[in-house]
Structures are given as structure tokens and as C-alpha cells.
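Reader: I would like to learn how to read a domain, a sheet and a helix pair. Where do we begin?

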Amino acid sequence: MTNIGNYEEKYKTFDWSQAREILGYKEGDFLNIGYYCSDRICEQGKGSKLALIWEGMDGTVKKYTFDDIRILSNTYAEYLKSIGIEKGDRVCLFMDKIPDLYISFLGILKLGAIAQPLFSAFGPESLVTRLENAETKVVLTTKKHAFKLRKIKDDLPALEKVVIVEGEPKKMEDYEVLFSLESADKVDKLESFAADLESPSVLHYTSGTTGQPKGALHVHSSIFSQHVTSKWVLDLKEDDVYWCTADPGWVTGTSYGIIGPWSLGVTQCVLDAGFTAERWYKFIADHKVTVWYSAPTAIRMLMKQGKEVVKKFDMSSLRHLCSVGEPLNAEAVIWSEEAYGLPFHDTFWQTETGAMVITNYPGMEIKPGSMGKPFPGIQATVLDLKTHEPVTEPGKVGLIALKPGWPSMFRAYWKKKDIYDSKFIKGWYVCGDRASIDKDGYYWFVGRDDDVINTGGHLVGPFEIESALLEHPAVAESAAVGKPDEINMEVVKAFVSLKPGNEPSDELELSIMNFIRKKLSPLAMPQEIEFVSSLPKTRSGKIMRRVLRAKEWGEEIGDTSTLVDDE
Ligand code: 6R9
């Protein structure tokens, strides 16, 4: 029996007040995600149940019960309070997927501060733009990553402290402090901040076409959406062992790698190690994973390793699989059914939506290649590309749009009100993706409506890459676009014109690639650089990425009447 039961029935009868009931929240109760994911589970008598099974690179396994998570997150909250963190302050999490990441996330929320997770592979320049915008007060990090903050500290007047929670640098800077969860005095009793429904909770940065990344601000009531979608889409039940492969630097890793499963009191596993098919399958077999939430790029990498390797491991514990982040092609759904005996269920959502909005449900027929149907309580449509009126014809492509009002919807882009406002058209929140709806109400993803590059399920903004490229001494002009890639769907390709006195060469290409990898991240690093004498521009001087991208994808270039140079 699935948790959701009959989807069509639920869609007709559900309203969000039911999500409150399902979580057990009553009008006037205080609502704190940190409390709901730890203390409350203990109050339900599940304190000794495993909350986290963590496995490190070298195979070390650590296990934490809900009571451990409760006490250790209290300990973090108390420590942060002692160094001056107050309600509403931004505290950044910048570390690999170590247990401290999951525990301190809850500690920050218990204190009423705002958790700002950033992907640990980010370089100094990716960090500085996000920390500067958020006016972050404290960063929690590890020795391994602290050096990147040293490079940018002078540019961050609001940053008071960098707390190193693992490892000890030989020489400490005056703003650096050490904290060890292991040796800290444990805090058994803590009064969590009495958040209300609209109290800010998490700030996740996401990339757009223009300008620097934007911080999507979420509130504590997002838990209503995350709780009920985890229950009905991931189908999480009392005895499940759940594995979300996403890093909490991205929204999937917090909404479904922390909040959703723990608010349900479900045991989850974390693997803090690089990818190989064997390692992943062994992890599933060793910990008897039952529900697995992953991404199309990972699935394509597993497909590449073939079905034979699957047979070497006992993965009979698996019972439900879901995917997010990029289009899940029909072949991947069919392959997983053949390889694991279970299809991946595609789920569509965004940093801004905070929780799944269009998905495939356990028990509902999957049309391989489709994203499924809107979640109960989500009114969705596609809007005509020109008129922005809802499309009524089945199969016609439009912009995915959602009626505002679900609990986990972002409440702001941090200090970017105009951009936030521009996402709403005629009373709809417009996601920035194109899709069509078939006669049975299934949604089919077509592509993004902007220039954002989706590489391996991670969004990278072309503007951020182009700005960084211009800082390279040899680069005069630049454009970054996505080019097709068999595994990652897209990878970054850069077009570069050089300053006088520089000649294209393999060495220069490598030097530019490394420059971006170090400054931004390995994700943002161009996999290819094409040296050009000039870039196609509109009459007003804007670079036409559309033309460059179309060439890469072998598509029609479309209207070029505004181009200066029609070559
Ligand atoms: C959760 C997450 C959001 C963008 C989104 C879209 C793409 C996500 C997808 C999908 C096709 C799916 N995307 N899920 N495209 N099918 N099932 O990924 O958040 O990092 O903000 O990315 O990712 O383009 O707009 P985020």
C-alpha cells in the first residue's frame, strides 16, 4: 500500500491545512524545523531509533540516533549563541557531507538563525559573491576548505568569524576559531526559537541568466510541503532506510536530505565519497537502502557501467526510486526497471519551490520521459510563450507556471526584490522552464526558457562564468553556453576573444580552464574553449548566447534580425 493511495482522489480533496494535520501541527503551536526534525521525534518515543548512518571516503561508518541528533544540534545552537549568533543572522555551512553539516543545520534553525548552505567545491569567487550578498556573519567550515575563505575575508566586512569544525590549521587567523562537537559540553535541554510560519529558515543560492546568483529565502513553514511530499512521493515509511544522493549545498540535499525524512522520523544514509557504480551499489547493499532519491546524471553514469555489475550486489532491499534535477529520459526509466526491477520516478521542482511540485507518484502509471502530474495543493499550468495565458491545447509548449501559495514557496530573493517580482506574471509564478501537457494531464519537459546551464543537475549561471573569464589576463570578451554531453546533459563551453598580443594555444586553453575551476568550481569550468575573433552581439551590444548555443545543439538559430554581424 502506498502512502498517497489514489493520486487523483488526493488531488481533488487536498488543501494545505491537511499537511499541517499530517505533520501534527496545530494553530498557535510554535514551528521550528530544527525541533520538528529531532526533539519532536524523540517525544514520539523514537529517540533511540537511528537517524543517520554516515559513511566516509575511507569506509568509516558512524551512526547517530534521533536523540544524538537532538543533543548535538542543541550543542551547536548553544555554541553559536555563545559566539553572538542571533535570530535572523546568516550562518553559512561550507563543508563536505560530514555529520557536522547535517547536525549544525538543525542547530542553526533551532536558534532562529538562517542556514546558508554552500557547495564545498566552490572556489573563492563563487563564495565571495554569495557571502557578500547575504552579509553572512559566521561560516562553519573545515580545515580542508578554510583557505578559500582566507583569500576573500578582506572583502567581507560582515563576516565576523570562521569556525573550523574539523582539523586544525597550523597557524590560525584572528577571526578563525576551532569547535569540536566531540569535545564540546553536550546540551541536553534547549529551548528552540519559537518560530512562526513566516520566520526565515534557509537561504539557498541559485543561478540565473543575468547578474550574480540569487539567494532564495525559505521560511519554517516550508516543512509542511517537505513533510507531505516526502510521505507521498518518496513514500517514506517507518521502517525505511532512505538515501538521498544530493549534497546539502543544493536544495535537494536540505529539503529531502535533511528536513523531509527527519520530520518523518525516518533513518537516512549519507555517503561522503566519490562516485563509482560499485561503491554506490555496495552502499545500498551494506545499509539495506529501501528508498533512493538520485539524479539523471548519476543514473546515466550507472547505465554506462552496465547491468552486469548490478548482479554482483544484493540490492533486493530497494523498493522505491526517485530522480530530480534534470530531464529523466525514457531510456533511463526503462533501463532502471530492467536493471533493478524498479523504475525511477521523475520529480520536478526548483530551489524556489522548496519542495516537489510536479512528480510521478508511487502507484500511478508512469509514462517514461514525463515529469508526471502536479502535487496535490499545487495548481499548475503552462502559459503561452507570447500571451502568457494558460495553454488549453494538449501538447502545445508553454512556460511552466504555478499559482502562488504553497508553504515552501520562496519568500524573496535576498536583497533582489525586482528580480523576485519579475518571476510573477498575471498571478502565476513562472518557473523559467518550458513544457507541454498531454491529454491525460502529464507534463513533458522541453527545456529551460533562459541561458542557465544545467550540468549534471547543477545550475550554473553564464554571467558568473563570463565575469570570471574576463578577469583572466588574456581574455577580451567571453560567452558561456551549455553544449550537449552524453552523461551530464550539458557541460560549459566558453567562447573567448583574446586581447591583442595573445595567440590561441592549447596551453592558454588549459590556463583559462584552470583559472575558472579554481575561482568558481569544477562545475563551472569550461570543458571546451573556442577562440573567436568576435562574438555575435545585438545592436545594443549584448552578447547573443542563443546563437552560440543553437550552433552547439545543431538547432535553428531563429530570429537574428537584431544581430550586428550575421556571419
Ligand atoms: C531541485 C532542483 C531547478 C531546475 C529547474 C529545471 C531543472 C529540475 C527537473 C528539471 C527536467 C526534472 N529540473 N528537475 N528538469 N526534469 N525532473 O534541481 O533545483 O537546482 O533550483 O534546479 O532544474 O530547469 O528549473 P534547482
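Author: Begin with the annotated stretch. Over residues 464-542 the chain is 27% helix and 32% strand. The end C-alpha atoms of this stretch are 15 Å apart. The model is predicted.

Reader: Which feature does UniProt place at residues 464-542?

Author: The unreviewed UniProt entry gives "domain: AMP-binding enzyme C-terminal" there.

Reader: Now the sheet. What is the order of its three strands?

Author: The order is β25-β26-β27 in an open sheet, and the pairing is mixed. Neighbouring strands are turned by 25 degrees against each other on average, direction ignored.

Reader: Which strands stand at the edges?

Author: Look for strands with a single partner. β25 (475-485) and β27 (528-531) each have one, so one side of each lacks a neighbour in the sheet.

Reader: In which sense do β26 and β27 pair?

Author: Strand β26 (residues 489-498) runs parallel to β27, over four bridges. For instance, lysine 493 has glutamate 528 in β27 as its bridge partner.

Reader: Which strands does helix α16 touch?

Author: Helix α16 (residues 506-519) packs on the sheet against β25, β26 and β27. Its direction makes about 125 degrees with that of β27.

Reader: Next, a helix pair. At what angle do α7 and α8 cross?

Author: Read distance, angle and hand together. The axes of α7 (residues 124-134) and α8 (residues 143-152) come within 9 Å and cross at roughly 65 degrees. The crossing is right-handed.

Reader: Which residues meet there?

Author: From α7, Pro124, Leu127, Val128 and Leu131; from α8, Lys148, Leu149, Lys151 and Ile152. By class, six are nonpolar, none polar and two charged.

Terms used: Residues numbered from 1 in each chain as written. Predicted model: local features only at pLDDT ≥ 70, side-chain atom pairs only at ≥ 80, totals over all residues. Heavy atoms only, no water. Axes fitted to C-alpha atoms, helices over the stretch in contact; angles between N-to-C directions. Helix = DSSP H or I, 4+ residues; strand = E, 2+ residues; numbered from the N terminus. Left-handed = near helix turned anticlockwise from the far one by under 90°. Contact = heavy atoms within 4.5 Å. Nonpolar A, V, L, I, M, F, W, Y, C, P; charged D, E, K, R; others polar. UniProt positions renumbered as here; feature names shortened; annotations may be inferred. Pairing = 2+ DSSP bridges.
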